[in-house]
Amino acid sequence: FKLQQNITEFLTRKALIRKEKLFASSFLATSVWSTDKVGVAGVPGAGQFKQWNDAASDPISDIRGAATAQMILTGFRPNVLVIGRQVLDALELHPDIIDRVKYGTQTDVAIAKQSHLLQLFQVDEILVMDAIENTAEKGLTDVSALINGKSALLIYRPSAAGIMTPSAGYTFSWDGLEGSAGYGTTMTKELKPLSGGAERFEIQMAFAMKKVSADMGTFFATAVA
C-alpha cells in the first residue's frame with residue numbers, strides 16, 4: 001500500500017492548504033494594498049467595478065486599466081494575476097472574452113482558455129487558487145468552501161528575489177535548523193518507535209509571508225457574485 005508515501009502526500013496536502021490559507025489572510029483583503037476595487041451588481045461608483053459574472057461587465061478593461069495605473073504609480077507593470085476558481089469560471093465564460101477568441105479556431109468550443117486570458121490581460125502568469133477548506137468540527141457535517149473563490153489580486157513579481165529588487169511581497173523561509181533545504185517548503189519527519197510499535201509522522205514548515213510594496217498590488221474584492 002506504500003503507507004509511508006501515502007502519509008507523506010496526505011501531510012503535504014494539509015500543509016499546502018495551510019499555506020494557501022495564510023496567503024489569503026495576508027494578501028487577499030481590503031486595506032492591504034494601495035489600490036482596492038470592489039465588485040458590485042449595480043452601477044459602479046468610485047473605486048468599484050461591475051462584477052465579472054455579469055455579461056455587461058468589462059473585465060478586460062478593468063484589469064488592464066488597473067495594470068496601467070499601477071505601472072504609472074510604480075514604474076513596474078504587474079505581471080501576475082491571482083484569482084479564485086469562481087472568478088476563473090466567470091472569465092472563461094464571459095461573452096466579451098469569448099468574442100475575442102471564438103474565431104481563432106473551428107475545432108474548439110467557445111470557451112476561453114488560460115492562455116487566451118494571459119494575452120488579453122497582458123500578464124505573464126495566472127495563478128488559480130483551488131484549495132478547499134472544511135471548517136466543520138470533527139464528526140460534524142462538512143462545511144466545505146474554497147479558500148479564495150471570488151476575489152482577484154494583480155501584482156508585480158520579479159523573476160528573481162533580491163534585497164534591492166522590488167516586489168509586491170516575499171515569502172521568507174527559515175533554513176537555520178535543517179540546513180539549506182530547511183523549512184521553506186515542507187519537511188516530513190518519521191518519529192519512532194512509539195508504544196506498541198507504532199510510527200508517528202509529522203510535517204513542519206517555517207516561513208513568513210510579508211507585503212513589501214503596497215503600491216505593487218491591486219485587489220479586486222467580490223469580483224464575482
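## Report on a predicted model

Q122 lies in the loop between α5 and β4. Helices (H or I, at least four residues) and strands (E, at least two) are DSSP runs, numbered from the N terminus. This is a predicted model, in which local features need pLDDT of at least 70 and side-chain atom pairs count only at pLDDT 80 or more, while totals for chains, interfaces and linings use all residues. Residues are numbered from 1 along each chain as its sequence is written, and side-chain values use heavy atoms, with hydrogens and water left out.

Q122 is not a glycine, yet its phi is positive, at about 60 degrees. S31, in the loop between α1 and β1, also has a positive phi, near 70 degrees, and is a residue other than glycine. Most residues other than glycine have a negative phi.

Buried means under 20% relative accessible area, exposed over 50%, and partly exposed in between (1.4 Å probe, protein chains only).

| Residue | Relative accessible area | Class |
|---|---|---|
| Q70 | 3% | buried |
| V123 | 6% | buried |
| Q122 | 39% | partly exposed |
| S31 | 67% | exposed |

V123 is found in the loop between α5 (114-121) and β4 (125-129). Not counting residues up to four places away in sequence, V123 touches P78, N79, V80, L81, L118 and L154; contact means heavy atoms within 4.5 Å. Along the sequence V123 and L154 are 31 residues apart, and in space their C-alpha atoms are 9.1 Å apart.

L154 is also among the contacts of Q70, which include F76, P78, Y156 and M216 when neighbours within four places in sequence are left aside. Q70 lies in helix α2 (residues 59-74). A polar atom of the Q70 side chain lies 2.8 Å from the backbone oxygen of M216. A polar contact is a pair of N or O atoms within 3.5 Å; within protein, one must be able to donate a hydrogen and the other to accept it, and residues adjacent in sequence count only if both atoms are side-chain atoms.

Next comes the sheet. Six strands form an open sheet in the order β2-β1-β12-β7-β3-β4, with mixed pairing. Its edge strands are β2 (48-50) and β4, each pairing on one side only. Two strands pair if DSSP finds at least two bridges between them. Strand β1 (residues 35-40) pairs with β2 in the parallel sense over three bridges, and V40 stands opposite K50 in β2. Helix α1 packs on the sheet, where it touches β3 (80-84), β4, β7 (152-155) and β12 (217-221), and its direction makes about 110 degrees with that of β4. Helix α2 packs on the sheet too, touching β1, β2, β3, β7 and β12, and its direction makes about 150 degrees with that of β12. Axes are lines fitted to C-alpha atoms, for helices over the stretch in contact, and angles run from 0 to 180 degrees between N-to-C directions.

In α1, the residues L11, A15, E20, A24 and F27 are buried.

The largest nonpolar core has 25 residues, of which W52, L81 and F121 touch the most other members. At least two residues of this core come from each of α2, β3, α3 (85-92), α4 (95-101), α5 and β7. Apart from it lies another core, of 19 residues, including M129, F207, M209 and F219. A nonpolar core is a set of buried Ala, Val, Leu, Ile, Met, Phe, Trp, Tyr and Cys residues joined through side-chain atoms within 4.5 Å.
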